Amino acid sequence: MAKTHYSVARVGQINKAGVGKFQRHNERQNKTYKNMNVDKNMSHLNIHFKDTGGLTYNEKFDQMEKEGLISTRGLKPDAKVYDELLLDVNTTYFEENGGYEFAKKFYSDAYEYAKSFYGEQNIIAAVMHADELNVAVTEEMGRPVYHYHLHVIAIPTVEKEIKWSKRCKDPEKIGQVKEVITQVSHSKKWKSLPKLDENGEPIRSKNGKIIYEKSYSKLQDDFFDHMKKAGYTDFVRGERGSTEEHLEVLDFKIKKDTERLKEIEKNLEVSARYGEKAGELKEKLDDISDIGKKTLTGKVQLTQDEFESLHYLAEKGIAAQKQLLDKENVIAEKDRTIASQSWTISDLRGTVKKLEAKLEQVKEEFESFKETVKDYVAGMKLYPEKVKGFFDELKELYKNEQKERKFIRSRKEQDLER
């Protein structure tokens, strides 16, 4: 049965303090990659669809802000101001369709999707990696196979209208648009919108709540539809947040390590019995029953040669036992590591699913809450003094009501005492 290929579109949020490690990885600025299958001899094949012109990611960001192309007005110092968009399909998909040359064309078209979503001016860098070895597929095919994928670092922005406040000296300008800024905001860029029916009306649940379309799920849909229109029809839409490619590789490594451990155990049995000179030791062991002569007192008398042979065998036996013990400890540690990895993957999968479900629930509740209070928010913006006065009156009424209740309780307690 032919392998099904899945598109993957994921987005992560990054602040200015943390973007450095993403830059070093994407731009291949690290000196070593101890925990990754990066082959720097192949890094010249990586393709930049956009770069910073020699600036760091933060320097490019600051330049854009200084030029007025973006605004961080109202943002906290540690706000997430970058998105990393990862666009991907299974490794074997590219191997079946032409490898590197096919990947270049595919991700050139994929980059067009990123531009349409963020606007090319808001993309800091976009690079296709062609130097990360897929160990699982490499061992399966018997030749080096690299995993092609696209990293896009972008600034999420929305257009925001800034209006004249009531402090403006010209009464006619109050409430009018003063300026439109390009505001940096991940939450607004990825705001979930109501699902619409065929008439353009919001779809509601059984209890009457508006159903919102999950923004990250829509990302998967939009990317898949974009690539399909570009002529790529031999893969299917992947699941949001899928890590299938990476988990397949890890599962494959665990399986291979288990097979290697079994082979080591088998070899150790022979090694432990006979040591490095198996043939020589076995020959000496076969003759061991013939050595020595019993004396009249029942003791065994050995010649010098026989004593040296026994001494030699004893040394080798002790060394073999130590070697076996060391190897058994290594095997046991490997087994514990493999078991731990397997458990961790399964546990993380379950945890991620639970957290995703909880996040969507919170999002829906938040959107519902916003819908409930939107009239109050609108009133505060248009008539802040009147709304404030209204709530001040409510608070006064509440205080008076509390006092009255306290007085009534006090009278009841006095009547009971009488």
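The tour below starts with the whole chain and then goes from one selection to the next.

Before selecting anything, note that this is a predicted model, in which local features need pLDDT of at least 70, side-chain atom pairs count only at pLDDT 80 or more, and totals for chains, interfaces and linings use all residues. Residues are numbered from 1 along each chain as its sequence is written, and side-chain values use heavy atoms, with hydrogens and water left out.

**The whole chain**

Show the chain as a cartoon, and you can look for 11 helices and 12 strands; helices (H or I, at least four residues) and strands (E, at least two) are DSSP runs, numbered from the N terminus. Of the 418 residues, 30% count as buried, where buried means under 20% relative accessible area, exposed means over 50%, and partly exposed lies in between, with a 1.4 Å probe and protein chains only. Contact means heavy atoms within 4.5 Å, and among contacts between residues at least 6 apart in sequence, 71% join residues at least 24 apart.

**The largest core**

Next, select Phe-94, Phe-106, Tyr-107, Met-128 and Tyr-148, which have the most contacts inside the largest nonpolar core, a set of 34 residues. A nonpolar core is a set of buried Ala, Val, Leu, Ile, Met, Phe, Trp, Tyr and Cys residues joined through side-chain atoms within 4.5 Å. Among the elements that each supply at least two residues of this core are strand E3 (80-89), helix H3 (91-97), helix H4 (100-118) and helix H7 (215-229), and H4 gives the most, with 10 residues. In soluble globular proteins, nonpolar side chains tend to be buried together.

Which residues are in contact with Tyr-148, leaving aside its neighbours within four places in sequence? They include Asp-88, Phe-94, Tyr-107, Met-128 and His-129. For a second, separate core, which has 14 residues, select Ile-70, Ala-79, Ile-124 and Ile-155, all included in it.

**Rings that pair**

Now show the aromatic side chains, where rings of Phe, Tyr and Trp (its six-membered ring) pair if their centres lie within 6.5 Å, with planes under 30 degrees apart counted as stacked, over 60 as edge-to-face and the rest as tilted. By this rule the count comes to 20 aromatic pairs. Tyr-93 and Phe-102 form an edge-to-face pair, 5.6 Å centre to centre with 70° between the planes; Tyr-93 is buried at 0% relative accessibility, and Phe-102 is buried at 18%. Phe-106 and Phe-235 form another edge-to-face pair, at 6.0 Å and 65°. Because Phe-106 lies in helix H4 and Phe-235 in the loop between H7 and strand E10 (236-237), this pair ties together parts that are 129 residues apart in sequence. Ring pairs link a cluster that includes Tyr-93, Phe-102, Phe-106, Phe-224 and Phe-235.

For charges over rings, select Lys-178, which lies over the face of Trp-164 at 4.8 Å from the ring centre, and then Lys-189, which lies over the face of Phe-117 at 4.6 Å. A charge sits over a ring if NZ of Lys or CZ of Arg is within 6 Å of the ring centre and within 35 degrees of the ring normal.

Go on to Asn-134, in the loop between E4 and helix H5 (135-141), where the residue is buried with a relative accessible area of 3%. Its side chain reaches the backbone nitrogen of Ala-136 at 3.2 Å. Then select Gln-220 in helix H7, which is buried at 0% relative accessibility and has a side chain that reaches the backbone nitrogen of Ala-9 at 3.5 Å.

**Two last stops**

Select Gly-20 in helix H1 (residues 19-26), which is partly exposed with a relative accessible area of 22%. The C-alpha atoms of Gly-20 and Thr-56, 36 residues apart along the chain, are separated by 8.3 Å.

Finish at Arg-28, in the loop between H1 and strand E2 (47-50). Is Arg-28 buried or exposed? Arg-28 is buried, with a relative accessible area of 11%, and its phi is near 55°, a positive value in a residue other than glycine. Most residues other than glycine have a negative phi.

Technical notes
Polar contact = N/O pair within 3.5 Å; in protein donor to acceptor, adjacent residues only side chain to side chain.
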